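Hi there,

Here is the structure I promised to pass on to you. Please have a look at it, and then read my notes below.

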Amino acid sequence: MAPRPAAVALAVALFLLLLPAPAAAAAAAVGVNWGTMMSHPIHPSAVVEMLRANDVDRVKLFDADPWTVAALAGSGVQTMLAAPNDQLESLARDPRRARDWVRHNVTANLNAGVDVRYVAVGNEPFLKSYNGSFINITFPALKNMQKALNEAGFGQGIKVVVPLNADIYSSPENKPVPSAGSFRKDINDLMVDIVNFLHVNDAPFVVNIYPFLSLYQNPNFPLNFSFFDGATKPVYDQGVVYTNVFDANFDTLVWSLRKAGVPDMRIIVGEVGWPTDGDKNANVKYAQRFYSGFLKKMAKNVGTPLRPGHMEVYLFALIDENQKSVLPGRFERHWGLFTYDGKPKFSMDLSGNGKVNYLAEVKGVQYLPSQWCVFNKDAKDKYKDLPASVNYACSNADCTPLGYGSSCNGLSHDGNISYAFNIYFQTMDQDVRACSFGGLAKITTTNASQGGCLFPVQILSVSGRVVPLIFLPLSLVLLVSVFTLL
């Protein structure tokens with residue numbers, strides 16, 4: 001059923017009231033990505049209070065889940081909603097789906113007091129790893145969403161965007177400088193159409209840039225070029241000097257947009273950050289170094305050589321997500337500025353003005369009892385079903401800290417086993433049946449953490465979405481080793 005004219009008028013009026021007055025000078029616009037792919041999410045209202053306590057005034061979401069979005073109502077936090085990749089086909093095929101999406105997720109949330117600024121259509125749909133699955137449907141979905149917003153009266157104030165990974169453009173190997181950059185050959189014509197459509201509708205280009213991935217994917221990549229403290233050999237390009245890969249990557253996009261006919265198109269950095277675990281270069285020391293330099297850069301509004309001045313960026317990510325896919329790497333579950341229980345991982349200054357302090361943590365988080373599940377060294381035939389048991393635990397919980405170069409990589413043989421058993425036990429809400437493994441495990445009230453390796457105690461889930469406890473015969477468990485135990 002179409003929305004009533006009065007309801008639409010009210011929504012438009014509320015939206016116009018939410019728009020800020022023009023500022024004399026733009027300050028650094030630093031937001032955060034708020035993902036929710038965790039087994040035990042913190043209540044969204046508590047997260048929003050934490051955002052406000054840290055003066056974070058904008059968030060980028062990966063869906064439009066009502067439970068999360070409702071918590072943003074009346075907060076004053078500018079919001080980017082999203083239609084995930086699995087909705088692209090229906091949005092592309094039927095304009096009515098786009099109209100329904102706008103009615104349920106934009107109009108309704110504006111009426112409720114959510115400050116919606118952007119609608120993202122998909123997330124990195126042209127990744128090479130998707131093998132072209134979304135190439136033919138992303139642009140039609142984008143056009144239908146734009147039309148739906150226009151029909152609802154929001155097209156001028158709410159912009160439709162497509163967050164894209166930096167792998168959609170590159171420079172040739174024989175000339176690795178920004179000025180040689182262009183969109184990938186397999187999608188160049190499509191990208192030209194998309195960026196010109198966005199430009200006509202006064203929408204920005206949203207790009208995700210990860211200096212960490214440059215380092216992770218290339219063993220010969222100069223480490224210091226990932227940071228902003230100038231401790232590296234610069235790259236020269238037509239008289240322009242680059243001292244870090246972020247600037248070089250960003251300006252490669254600028255050149256690509258010039259060649260696509262939209263040289264002045266506004267760019268938003270949709271994701272940028274550094275993980276703290278899951279790889280030899282993913283640690284708190286490097287993350288703190290990265291954010292310190294990056295946020296100082298944002299505070300100075302220096303931009304990049306080709307785009308000096310103000311930038312709008314979204315840090316990736318807010319809280320660790322223990323259910324993200326690890327196909328890109330074990331680090332995928334450790335991008336958060338905050339740990340799984342809403343505590344800041346290190347001191348940082350979001351303003352970039354040099355204040356050394358910890359961010360405000362999420363308040364009111366409650367934990368399960370202080371107990372752990374560990375390897376029972378006294379079990380009979382303790383090594384008989386051990387590999388299958390450990391692999392089962394790690395197939396259903398997050399064992400990424402045990403990987404090479406990760407925070408728990410130094411554990412002993414028995415320590416590895418205990419970590420796997422405990423993380424499964426905690427993921428399953430400390431159900432006593434989840435600490436059995438045929439007698440190989442036992443519950444203890446002695447903290448099992450060792451050195452720099454945290455054996456976590458899980459928080460109380462507030463969503464009712466906890467992974468169900470399922471027992472399968474060990475013969476059915478896939479024995480895919482996460483690490484070598486025996």
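Contact here means heavy atoms within 4.5 Å. With that in mind, residues 24 or more positions apart account for 73% of the contacts in the protein chain with a separation of 6 or more.

Before you go further, please note that this is a predicted model, in which local features need pLDDT of at least 70, side-chain atom pairs count only at pLDDT 80 or more, and totals for chains, interfaces and linings use all residues. Residues are numbered from 1 along each chain as its sequence is written, and side-chain values use heavy atoms, with hydrogens and water left out.

**Overall picture**

The protein chain has 12 helices and 15 strands. Both are DSSP runs numbered from the N terminus: helices are H or I with at least four residues, strands are E with at least two. Of the 486 residues in the chain, 54% are buried. Buried means under 20% relative accessible area, exposed means over 50%, and partly exposed lies in between (1.4 Å probe, protein chains only). The protein chain exposes about 21700 Å², and carbon and sulfur atoms supply 53% of that area. Accessible areas come from the Shrake-Rupley method with a 1.4 Å probe, and for residues only the protein chains shown count as cover.

**The cores**

A nonpolar core is a set of buried Ala, Val, Leu, Ile, Met, Phe, Trp, Tyr and Cys residues joined through side-chain atoms within 4.5 Å. The largest one has 110 residues, and Phe183, Phe205, Phe294 and Leu315 touch the most other members. Leaving out residues up to four places away in sequence, the residues that Leu315 touches include Val30, Val32, Val272, Tyr291, Phe294 and Leu350. There is also a second, separate core of 33 residues, with Cys373, Tyr392, Cys399 and Leu440 among them.

**Helix H7**

Which residues of H7 are buried? They are Leu190, Met191, Ile194, Val195, Phe197 and Leu198. These residues cover an arc of only 160° around the axis, so they sit on the same side of H7. The arc is that of the directions from the helix axis to the C-beta atoms. Asp189 and Val200, on the other side of H7, are exposed. The buried residues of H7 pack against several elements, including helix H6 (138-152), strand E5 (159-161), strand E9 (205-208) and helix H9 (245-259).

Just after H7, Asp202 takes a positive phi of about 60°. Ala203 is in the loop between H7 and E9, and Ala203 is buried, with a relative accessible area of 5%. Not counting residues up to four places away in sequence, Ala203 touches Lys159, Val160, Leu198 and Met265.

**Salt bridges**

Side chains of opposite charge can pair when their charged atoms come close. A salt bridge is a side-chain nitrogen of Lys or Arg within 4 Å of a carboxyl oxygen of Asp or Glu, and a search of the whole structure finds 19 of them.

One of them joins Glu49 and Arg52 (3.9 Å, N to O). Both residues lie in helix H2 (residues 44-53), three residues apart, about one turn of the helix. Glu49 is partly exposed at 48% relative accessibility, and Arg52 is partly exposed at 43%.

Another salt bridge links Arg184 and Asp167 (3.7 Å, N to O). Arg184 lies in the loop between strand E8 (182-183) and helix H7 (188-200) and Asp167 in the loop between strand E6 (164-165) and strand E7 (169-170), so the pair ties together parts that are 17 residues apart in sequence. Arg184 is buried, with a relative accessible area of 9%.

A further one pairs Glu361 with Lys343, the closest N and O atoms being 3.4 Å apart. Both lie in the loop between strand E13 (312-315) and strand E14 (372-375), so this pair ties together parts that are 18 residues apart in sequence.

Enjoy exploring it!
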